[in-house]
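Here are some exercises to work through with the model open beside you. Try each task before reading its solution.

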Amino acid sequence: MIVIEKPEVVIINDKARLQANLNIDGQRKSIWYEVDLKYKEFLCYERSDAFVVTLLLLAMQKGQNIKCEQVISEQLYFNLTKYLIPFLLKINPDLKEINLICELDNTILNSKREVGTGISGGVDSLSTILYHGSKTKSENYIITHLTLFNSGYYGNRDDNTERFKEYAIQSEKFSSEFKYPLLCVDSNVSNVTKYDFRASHAYLSCSVVLAMQKMFNIYYYASSYAIFDFKAKFEATAYYEYFLLDCISTENTKFISANSTMSRVEKTKLILENEDYLKHLYVCTAGNPPINCGKCEKCVRTLLAIDSMGYLDKVDGKFNVEAYRSRRSINIATMLVKKNKSIFYKENYNSFKDTQTSIPIKAYLLVPFALVNEFIYSKLKIYLSNNLKKEQKKTIKGILKKTTF
Ligand SMILES: [Zn+2]
């Protein structure tokens, strides 16, 4: 059994921290969420919700019940036990059935009722702020606060706080330019759980929001895949986010899968049409913010979308467009190879077709080469994941992220 003790708020080095001690397999651990002192009153020690959402997959992997010493929201309990847990059991046979042993509470907490979303500078994040930040008749749904959480993107090691702070600089720049308050939350959720990032990031990021549920009435979680691409697949939360976000909403905080009716190309177009936002776009995985290398997989597929709409000149200076142009034919050939397997490449290919942007003959001629490239790359990934130790994998993964394929 995993026991989550009563959460408490403590002050450490001029920061306020919500923490709960855990007992996992007889080992004492603690999960914490840390904010600037001015946000202390919003740390939600009255519910175990954040901790349960963080530990749900771990408990199901181990087949251990979760016992909470503090109450959890009735709505969360209902959705987890009646919908999310049964769903997860069906999409991942390695997970085991568990019970939540806890008291329930359905009272509405005293809340600031703000509306939040994350600011990473990526396509999903910027397009969400554009779509839900502007004036609208339903004014209670307009974004009031931006956030940045250390909840998995910066790795699972105890020293990831430094990397988190590095990335926070560009989020601070954006927030101050557009006059949004920025809430930064440091946390050790990813260090304790050590989940695979793609399969878990929505759980961990939303757990941070639940730790602050006295602040947020609505939280827009920027969708990665459109609702039309919904899949009951465990390997990425993006496939079933629309369902997941509803399951982990509470009486106090509702999650919305933002821009879930847009393709990534449509989101990119929204940003391209807004120069002020475009200059903050950062999608690169090479790890040198704010420079977009133009070579890594994420840069290339973003540039393919931009290329398909004829806007490459517009992003010169923001991306290393020269690097992309010098490999344009092989980049397009790779899109042709990957379009049947990847949602993003399929959308890019459709955009090339819809806008009638011509695909060079050379790209078609390079398809066999791109196929071989792709085959070697995928075999290499399988070999590495089967034969390397965890630490070695991390290093190789980092190198692959920066590598032009
Ligand atoms: Zn890059």
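**Exercise 1: domains**

Find how far apart the C-alpha centres of domain 2 and domain 3 lie. Solution: the two centres are 26 Å apart. The bounds, from an automatic or database domain assignment, are 2-105 for domain 1, 114-258 for domain 2 and 292-402 for domain 3. Residues are numbered from 1 along each chain as its sequence is written. This is a predicted model, where local features need pLDDT of at least 70, side-chain atom pairs count only at pLDDT 80 or more, and totals for chains, interfaces and linings use all residues.

**Exercise 2: two helix pairs**

Describe how helix 8 packs with helix 10, and how helix 6 packs with helix 7.

Solution, step by step:

1. Helices are DSSP runs (H or I, at least four residues), numbered from the N terminus. Axes are lines fitted to C-alpha atoms over the stretch in contact, and angles run from 0 to 180 degrees between N-to-C directions.
2. Helix 8 (264-272) meets helix 10 (297-308) at about 70°, with axes 10 Å apart. The pair is therefore roughly perpendicular (65 to 115 degrees).
3. R264, V265, T268 and L272 of helix 8 contact T302, A305 and I306 of helix 10 (C-beta atoms, placed from the backbone, within 7 Å).
4. Helix 6 (197-211) and helix 7 (237-247) pack at about 30°, their axes 9 Å apart. This pair is therefore roughly parallel (under 35 degrees).
5. The residues in contact include H201 and Y203 of helix 6 and E241 and L244 of helix 7.

**Exercise 3: one residue**

Which residues does V52 touch, leaving out those up to four places away in sequence? Solution: V52 touches I4, I66, C68, I72 and L100.

Terms used: Angles under 35 degrees count as roughly parallel, over 145 as roughly antiparallel, 65 to 115 as roughly perpendicular and the rest as oblique. Two residues are in contact if their C-beta atoms, placed from the backbone, lie within 7 Å.
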